[in-house]
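Me: I have a structure open and would like to go through a few parts of it. Can we start once it is on screen?

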Amino acid sequence: MAPGRRQPRKVRHAGLRTGPVDPAEPPHGPPGVAAAPASSPQVSLPPYPDCWFLVAASDEVRPGKVVNRRLADEDVVLYRTASGRLRAVRPYCPHLGAHLGYGGTVRGENLVCPFHHFQFDPQGACVRTGYGTAPPRARLGRREHREIDGLVFVWRHARGLPPSWEVEVPPVADFPTSHRRVRTLAVHP
Ligand code: FES
């Protein structure tokens, strides 16, 4: 470095470390902010919060339709029965694991697997097989969901715990009719 030029100052914020710390190094940081002691615990946040996630608008899941959505590194399959009941289920068929979001169909009140055409009722129970044999005691894994004011929310908890709170229903009576605009942005792969 040329004589007289100032050395760039390294700044490390209290409690936020990006690499190994030399224990002999004196603490430093922004003026007035004490550096975290070497023994302070590192906070590691889970990658996704445990909460309700908005996954679809109601009109995207019309009766008879199956929709696949991505939620926190997992797929969630939404479908609506002929009578209008919305369901959210885990994506894989309990028979041999076909993905219900790709080729799954709704027949009446049942979701039909695209592989061997096993049918599952709105409670997730297998009620028919594609071979005409007695249905096994297999069940679809259901996801907790709520449909509120034209929006579909699915609960997600890292340890699979049930919902600990509910989505509040806002007072919308005095508001104009809502509308939705979807934009797809090209981002980094
Ligand atoms: S994998 Fe779904 S019915 Fe066989």
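Predicted model: local features only at pLDDT ≥ 70, side-chain atom pairs only at ≥ 80, totals over all residues.

Me: Which strand does β6 pair with over three bridges, and in what sense?
Reply: Strand β6, residues 110–112, pairs with β5 in the antiparallel sense.

Me: What is the order of strands in the open sheet there?
Reply: The order is β5-β6-β7-β8, four strands with antiparallel pairing.

Me: Why is one side of β5 and of β8 left without a neighbour in the sheet?
Reply: β5 (105–107) and β8 (126–128) are at the edges and each has a single partner strand, so one side of each has no neighbour in the sheet.

Me: Back to L111. Buried or exposed?
Reply: L111 is buried: 23 other C-beta atoms lie within 10 Å, and the cut-off for buried is 20 or more.

Me: What does L111 touch, leaving out residues up to four places away in sequence?
Reply: L111 touches Y79, L100, G104, V106 and F120.

Me: And how far is L111 from G124, going by C-alpha atoms?
Reply: Their C-alpha atoms are 8.7 Å apart, and the two residues are 13 apart along the chain.

Me: New topic. How many residues are in the largest nonpolar core?
Reply: That core has 23 residues, and V55, V77 and L78 have the most contacts inside it. The elements giving two or more residues to this core are β1 (51–57), β3 (74–80), β4 (86–89), β6 and β10 (151–156).

Me: What is L78 in contact with, apart from its neighbours within four places in sequence?
Reply: L78 is in contact with V55, A56, V61, V67, R69, L86, A88 and V152.

Terms used. Residues numbered from 1 in each chain as written. Pairing = 2+ DSSP bridges. Buried ≥ 20, exposed ≤ 12 C-beta atoms within 10 Å, placed from the backbone. Contact = placed C-beta atoms within 7 Å. Core = buried A, V, L, I, M, F, W, Y, C linked by C-beta atoms within 7 Å.
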